[in-house]
Amino acid sequence: MPLPEEKLIELKEICKDLRRNILKMTHAAASGHPGGSLSATEILSVLYFSILKYDPTNPNWHERDRMVISKGHATPLVYSILAKAGYYKGDDLLTFRRLGSPYQGHIDRLKAPGIETSTGSLGHGTSNAVGMALGCRLDKLNNRIYLLQSDGELQEGSTWEAIMSAAHYKLGNLTAILDRNRIQLDGWTEETMTLEPINKKYEAFGWHVIEIDGHDLNQIYDAILKTKEIGPKENKPCVIIAHTVKGKGVSFMEDEVKWHGVAPNDDELEKALQEIERGS
Ligand SMILES: Cc1ncc(C[n+]2csc(CCOP(=O)(O)OP(=O)(O)O)c2C)c(N)n1
């Protein structure tokens, strides 16, 4: 099912705004992770503004959906989106990565409201999400657990233990979205440690798999709705393999390994903001 036209327009504007913030925050901090924030912008925008059940005035609302961000370095995106969702005023986002700021370089659930679980050490989010899915099922909650995974962290063995247990426990309330941007910290995943065929691996582990263009808002929305139906019907966890581009939206950052963890300087910021403005 496609997004309503008005929603689609709204989400496109939100994505532009988030991209501006990602660039400004990393520029102000002179450090951070723009590449993997820009690749996941559409995924998290659809989740936070069309799918997830939450209440920013009551972050611990028991019935909420759980959103686990396993790629805990994508902080410029996560804080920008939580500010937009109403968790923070957002006027202090430029304190990002400063001593004492709630907006630390890796997400910390004790510092910033709306963070479901602290991550940053890769390979922990999937097992956290599995535990939450089991807990919510025990509590008979009518909610879902969403998990944003990175492709680099599929090289962590603990991730596959969690993937195996999700299928064993028939966690139909769990949807993972894999940000398949093909680049990790200092190289292409397939050169560093081959991951493919990812779809067959998930299938072999008992998951339902959907593959999409991870920058197409309609495809993201439609795929998530499908997992909400298929998961509980087949008693299976679902994964959406979202094919994305690291650094998406800024021509000189796209598909460039360097921009995993480097901040733009003054000139680069200006050029990048102009590109975002033009929507090119
Ligand atoms: C256990 C662990 N080892 C190493 C690192 C250092 N590190 C930070 S990000 C990263 C990889 C980034 O690639 P990916 O996980 O695919 O993230 P994305 O491209 O989506 O930003 C690594 C190895 C880490 N955070 N955790």
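Mentor: A crossing is left-handed if the near helix is turned anticlockwise from the far one by less than a right angle, and right-handed if clockwise. Helices (H or I, at least four residues) and strands (E, at least two) are DSSP runs, numbered from the N terminus. Here α3 passes α9 in a right-handed crossing. This is a predicted model: local features need pLDDT of at least 70, side-chain atom pairs count only at pLDDT 80 or more, and totals for chains, interfaces and linings use all residues. Residues are numbered from 1 along each chain as its sequence is written.

Trainee: At what angle do α3 and α9 pack?
Mentor: Axes are lines fitted to C-alpha atoms, for helices over the stretch in contact, and angles run from 0 to 180 degrees between N-to-C directions. Helix α3 (residues 41-51) meets helix α9 (residues 217-234) at about 60 degrees, and their axes are 9 Å apart. Therefore α3 is oblique to α9 (under 35 degrees is roughly parallel, over 145 roughly antiparallel, 65 to 115 roughly perpendicular, the rest oblique).

Trainee: Which residues make the contact?
Mentor: Two residues are in contact if their C-beta atoms, placed from the backbone, lie within 7 Å. From α3 come E42, I43, V46, S50 and I51, and from α9 come L217, I220, Y221 and I224.

Trainee: What about the whole protein?
Mentor: The protein has 10 helices and 5 strands. Its C-alpha trace spans about 50 × 45 × 40 Å along the principal axes. Of the contacts with a separation of 6 or more, 76% join residues 24 or more positions apart.
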